[in-house]
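I opened this model to look up ring contacts, strand pairing and core packing. My notes follow in the order I took them.

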Amino acid sequence: MKHIKTLNQANLKKSAAKGGCGECQASCQSACKTSCTVANQKCEK
Amino acid sequence: MIHKYTLNGFNIVIDVNSGGIHIVDNVTYELLDYVAPPLADMLPENIAAKLSVRYSQKELKEAYAEILELAQEGVLFSEDDYEKFADMMVSAPIKSLCLHVAHDCNLRCKYCFASTGDFGHGRKLLDEATGKKAIDFLLEHSQGRRNLELDFFGGEPLMNMDVVKSVVSYARSKEKEYNKNFRFTITTNGVLLNDEITEYINSEMSNIVLSIDGRPEVNDRMRPAVNGKGSYEVILPKFKSLVQKRGEGQYYVRGTFTKYNLDFADDVIHLYEQGFDQISVEPVVTDPAKDYALTEQDLPKIYAEYERLAKYIIERKKNEESINFFHFMLDLDQGPCAIKRLRGCGCGNEYVAVTPDGDIYPCHQFVGMEEWKMGSVYDGSINTKMKDDFAKANVYSKRDCKDCWAKFYCSGGCNANNLQYAGDIRNSHKLACDLEKKRLECAIMIKAALA
């Protein structure tokens, strides 16, 4: 494309279909403890 | 829904529901002010007329064709069809525990949400029997989950190291029988670190959070010892030694910034220059009446500071240096699934805190609020009504989140902050939202700059 550059290939909708296994880390267990940030957590699959 | 913004010379468009991130030129950026679904096959003439002063017909038609193509691919103007998943959300197994091994501390940090360690209920240490009960509780309530997380928290957990070791050893002894994988983490101020403890936690903990605020004067102003002296000189060499010995293991040096250091990028840079490359420096969360509290008036300065930090990180990374700022971490391709993103931290549902008395609270920040006590590891009780309520606290049941572009990144924010500063776990804490959105914009811009 000439006018638009897409940075990622992911589509959240596909992840919804197979998601929800619940094995990934609770976000507060990483570093924050005061501020919820979820999108930086890793998927376990 | 899309969200678009310009930062550091990049026009960035986020397609909220697919997670698609697009960098666009000026003509496309302006076109998107006028375009909304359902999209026509050709650029509508009235829109072309509005922009024809600045752009040629050819440019406008080309840009529109690309917008249309992405929309047809489902990565621009995609539909929000996740609410059906939110409706299905029910109580989950408890798989994550914040274990308060010490309601006592050897520092007197002025912003401490735990009332300098005792959570307002007296200084005490968790005993071994209660620690083991907490592990039993977790094993019994985590059916269906293999990965279990246990964070040793306080107060200061190193004040009760023997119990930490006993709990780790007890949990490990149960892993095989229950088919579980324990991941231990610890959050420490570092004062009691020595070679023996460093070696132990480096070998047993999957992540270590080392509390330090940054520059010596910044750290010492807010993190004095009981005798009032600053802690920087005591902890810095210990943290350096731990990280050096840790090798590739996960850790964060983790600070808090307040109104006293709105130039907090300099604290991140200071920590980096001390040899730490995994850094988290986070906004203080406190009563707005405190003189160090962050307020809405501070936002322009904080925003500018996040931008300055983002540019600093871009330069370091372009120079192939290793630096990771926790709040700018974002994996645009391999991040958590959409289901995980609907309800965030999981507190009170799959994540709970246990106190030295064996009491269970939705998370560490609720500890000490009697009305939020939800059970005890001694009798295995858990308030299922309260648990169900937390399970249903998702981005669709939170009024301000439903139509927010950041909902799949922050996932509804911190329920404890919402309760304390906005009156209900479902009311958004606006200051926290504003900061989160700015950090996300910076994090995505960094991706654009390094792409």
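I began with charges over rings. Lys4(B) lies over the face of Tyr29(B), 3.5 Å from the ring centre. I also found the charged end of Arg221(B) over the ring of Tyr260(B), 3.5 Å from its centre. I note here that this is a predicted model.

Next I looked up the sheet. I traced 4 strands in an open sheet, in the order E1(A)-E3(B)-E2(B)-E1(B), with antiparallel pairing. The edge strands are E1 (4-6) of chain A and E1 of chain B, and each pairs on one side only. Neighbouring strands are turned by 25° against each other on average, direction ignored.

I then went through the pairings. E1(B), residues 2-7, pairs with E2(B) in the antiparallel sense over 6 bridges. Ile2(B) has Asp15(B) in E2(B) as its bridge partner. This hairpin has 2 residues between the strands, and Asn8(B) takes a positive phi near 55°.

E2(B) is joined to E3(B), residues 20-24, by 5 bridges, again antiparallel. Here Asp15(B) stands opposite Gly20(B). The hairpin has 4 residues between the strands, and Gly19(B) takes a positive phi near 85°.

Chain A comes in at E3(B): E1(A) pairs with E3(B) over 3 bridges, in the antiparallel sense. The bridge partner of Thr6(A) is His22(B).

Is E2(B) enclosed or open? I checked burial: 5 of the 6 residues of E2(B), residues 10-15, are buried, so this strand is largely enclosed by the rest of the structure.

I turned to the core. The largest nonpolar core holds 160 residues, and those that touch the most other members include Leu31(B), Phe152(B), Ile201(B) and Phe328(B). Helix H17 of chain B, residues 430-450, gives the most to this core, with 10 residues. I listed contacts of Ile201(B) beyond four places in sequence; among them are Met161(B), Leu242(B) and Arg246(B).

Last, I looked up aromatic pairs. Phe264(B) and Tyr306(B) are edge-to-face, 5.0 Å centre to centre, with 70° between the planes. The pair links distant parts of the chain, 42 residues apart: Phe264(B) is in the loop between E9 and H10 of chain B, and Tyr306(B) is in helix H11 of chain B. Phe264(B) is buried at 0% relative accessible area. Tyr306(B) is buried at 0% too.

Phe325(B) and Phe328(B) have ring centres 4.9 Å apart and planes at 70°, so I logged this pair as edge-to-face. Phe325(B) is buried at 3% relative accessibility, and Phe328(B) is buried at 8%. Ring pairs link Phe257(B), Phe264(B), Tyr306(B), Phe325(B) and Phe328(B) into a cluster.

Terms used: Residues numbered from 1 in each chain as written. Chains lettered and ligands numbered in written order. Predicted model: local features only at pLDDT ≥ 70, side-chain atom pairs only at ≥ 80, totals over all residues. Heavy atoms only, no water. Buried < 20%, exposed > 50% of the residue type's maximum accessible area, 1.4 Å probe, protein only. Pairing = 2+ DSSP bridges. Axes fitted to C-alpha atoms, helices over the stretch in contact; angles between N-to-C directions. Core = buried A, V, L, I, M, F, W, Y, C linked by side-chain atoms within 4.5 Å. Contact = heavy atoms within 4.5 Å. Phe/Tyr/Trp six-rings, centres within 6.5 Å; stacked < 30°, edge-to-face > 60°. Lys NZ or Arg CZ within 6 Å of the ring centre and 35° of its normal.
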